[in-house]
Amino acid sequence: MPKAAGKRGELSGQLSVEDITTMVLCKPKLLPLKSLTLEKLEKMQQAAQDTIRQQEMAEKEPPQISH
């Protein structure tokens with residue numbers, strides 16, 4: 001009995017069924033170059049710049065007087 005109790009403390013908690021271990025490879029995951037959040041921010045920034053350009057163009061144009 002004392003030998004069994006001593007071996008129980010030496011176990012590492014790993015169970016091995018095969019003698020040879022092999023690596024299991026999974027499919028590679030393709031990551032987008034730009035995240036969706038970054039794309040949304042760029043679209044918002046572009047829209048803001050377009051709005052500013054339109055406002056500047058409207059201020060530069062002299063008011064047209066129709067007769």
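How many salt bridges does the structure hold?

1. One salt bridge is present. The term covers a side-chain nitrogen of Lys or Arg within 4 Å of a carboxyl oxygen of Asp or Glu. Arg53 pairs with Asp50, and their closest N and O atoms lie 3.2 Å apart.

2. On the basis of the model: it is predicted, local features need pLDDT of at least 70, side-chain atom pairs count only at pLDDT 80 or more, and totals for chains, interfaces and linings use all residues. Residues are numbered from 1 along each chain as its sequence is written, and side-chain values use heavy atoms, without hydrogens and water.

3. On confidence: pLDDT (the predictor's confidence in each residue, from 0 to 100) averages 77 over the protein chain, with 66% of the residues at 70 or above. Residues 1-7 fall below 50, and this stretch makes zero contacts (heavy atoms within 4.5 Å) beyond near neighbours in sequence.

4. On secondary structure: the protein chain has two helices and zero strands. These are DSSP runs, helices being H or I of at least four residues and strands E of at least two, numbered from the N terminus. Arg53 and Asp50 sit three residues apart in helix α2 (residues 36-60), so about one helical turn separates them.

5. On exposure: buried residues (under 20% relative accessible area; exposed is over 50%, partly exposed in between; 1.4 Å probe, protein chains only) make up 0% of the 67 residues. Arg53 is partly exposed at 46%, and Asp50 is partly exposed at 32%.
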